[in-house]
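Biologist: Could you walk me through this one? I'd like to go piece by piece.

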Amino acid sequence: MAEHFQPREDVAMRAGYHSPQVDVEVRLNTNESPFSPPQAFLDALAAEVGRVKWNRYPDRAALDLRVKIAALHGVLPEQVFVANGSNEVLQTLTLTYAGPGRSVAVFEPTYAMHSQIARIAGSEVVEGARAADLSLDRAEVRRVLAESSPAITYVCSPNNPTGLIETEETVREVLSLVPGLLVVDEAYAQFAPWSALSLVSEDLPLVVTRTFSKTWSMAAARLGYLVGPSWVVAEMEKVVLPYHLDSLKQAAGTLALDFVEEMEHRVAELVEERGRLVAQLVDLPVEVWPSSANFVLFRPIERDGDAVWQDLLDQSVLVRNCSSWPGLDGCLRITIGTTEEDDRFLVALRKALS
Ligand SMILES: *Cc1c(COP(=O)(O)O)cnc(C)c1O
């Protein structure tokens with residue numbers, strides 16, 4: 001067999017991001033919206049395809065989109081950075097402020113891409129632990145920040161995969177302690193009662209990230225953004241590839257923002273459905289964490305998490321298997337789906353637990 005040229009050693013030893021895309025009838029594993037965007041949006045976008053100047057590069061500054069996002073949040077367009085999913089936003093931020101010789105702090109269990117992106121960028125990752133109830137432990141935060149002086153500190157609120165939200169008091173305290181930038185990842189913010197966006201200002205090292213993937217029913221588009229001080233955005237623009245955001249995607253994001261009310265309506269529906277699902281889960285032999293997002297973390301008490309996950313899959317219901325994640329022994333995460341999908345899940349779960 002031919003000898004293959006080897007990648008970087010640190011890349012060769014990594015497993016990569018793992019979330020199986022299996023063909024199933026009920027897919028509740030990646031926190032997408034079960035609803036499609038409004039038909040009027042789809043029609044407007046279809047019309048836009050014919051208006052794109054396909055022979056030209058897109059607007060490099062994505063100005064129309066940034067103006068509209070800025071208006072939505074009451075900030076300046078210079079305080080908004082857009083990219084291909086909030087993952088690319090986080091990657092650009094990491095390349096700009098962390099990278100080799102600098103460290104990134106995360107508090108596990110949390111969104112796996114925070115540390116994955118940091119490591120691929122060559123940063124050192126410092127992992128703090130959460131309290132037993134999976135909330136952020138402020139003493140631990142103080143310890144990690146004092147010991148490692150990270151360039152970037154992550155707070156995910158609501159946190160994926162726990163669904164737990166951080167209070168304004170906690171975020172303010174972490175912000176007062178960080179030696180570098182504080183990133184509040186708000187991929188699920190519209191499901192939650194408060195947002196750190198209200199704290200963003202030119203004088204604070206705080207950025208808040210959002211995505212169109214979940215609440216906007218636009219996971220297929222790959223579009224996300226950051227709101228933060230203009231001096232952060234200006235540095236990130238030096239790092240991101242030129243013309244990274246294609247014209248059609250810019251149009252899709254701009255048009256989507258004409259349908260804020262519809263988005264809020266879908267979110268309200270899912271919050272109600274979440275209440276219904278949790279009410280049924282608490283009657284089963286599972287431990288359930290309170291969620292401020294569109295997913296729920298639970299742990300079967302009498303059966304092994306892996307076995308329950310496989311039993312659900314055998315019944316064509318796919319949920320996220322978190323049972324081997326740090327601090328999440330035996331845990332599974334279910335995305336809130338339609339009433340029909342969630343009922344299918346509940347039937348399958350009852351069978352798996354009996
Ligand atoms: C889903 C998710 C994202 C979204 O990433 P995109 O690249 O915008 O799809 C970001 N952060 C968290 C915590 C998530 O759960």
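This is a predicted model: local features need pLDDT of at least 70, side-chain atom pairs count only at pLDDT 80 or more; totals for chains, interfaces and linings use all residues.

Biologist: Is His114 buried or exposed?

Modeller: His114 sits in helix H5, residues 112-120; helices (H or I, at least four residues) and strands (E, at least two) are DSSP runs, numbered from the N terminus. Buried means under 20% relative accessible area, exposed over 50%, and partly exposed in between, with a 1.4 Å probe and protein chains only. With a relative accessible area of 0%, His114 is therefore buried.

Biologist: Which side chain makes a polar contact of 2.8 Å with that of His114?

Modeller: Contact means heavy atoms within 4.5 Å, and beyond four places in sequence His114 is in contact with Leu90, Val106, Tyr154, Cys156 and Asp185. A polar contact is a pair of N or O atoms within 3.5 Å; within protein, one must be able to donate a hydrogen and the other to accept it, and residues adjacent in sequence count only if both atoms are side-chain atoms. The side chain joined to His114 at 2.8 Å belongs to Asp185.

Biologist: What do the buried residues of H5 pack against?

Modeller: The buried residues in H5 are Met113, His114, Ser115, Gln116, Ile117 and Ala118. They pack against helix H4 (85-97) and strands E3 (103-108), E4 (124-129), E5 (152-156) and E6 (181-185).

Biologist: How are H2 and H9 oriented to each other?

Modeller: The axes of H2 (residues 39-49) and H9 (residues 247-256) come within 10 Å and cross at roughly 150°. Axes are lines fitted to C-alpha atoms, for helices over the stretch in contact, and angles run from 0 to 180 degrees between N-to-C directions. Angles under 35 degrees count as roughly parallel, over 145 as roughly antiparallel, 65 to 115 as roughly perpendicular and the rest as oblique. So H2 and H9 are roughly antiparallel.

Biologist: And how is H4 placed relative to H8?

Modeller: H4 and H8 pack with their axes 9 Å apart, at an angle of about 95°. That angle is why H4 counts as roughly perpendicular to H8.

Key:
Residues are numbered from 1 along each chain as its sequence is written. Side-chain values use heavy atoms; hydrogens and water are left out.
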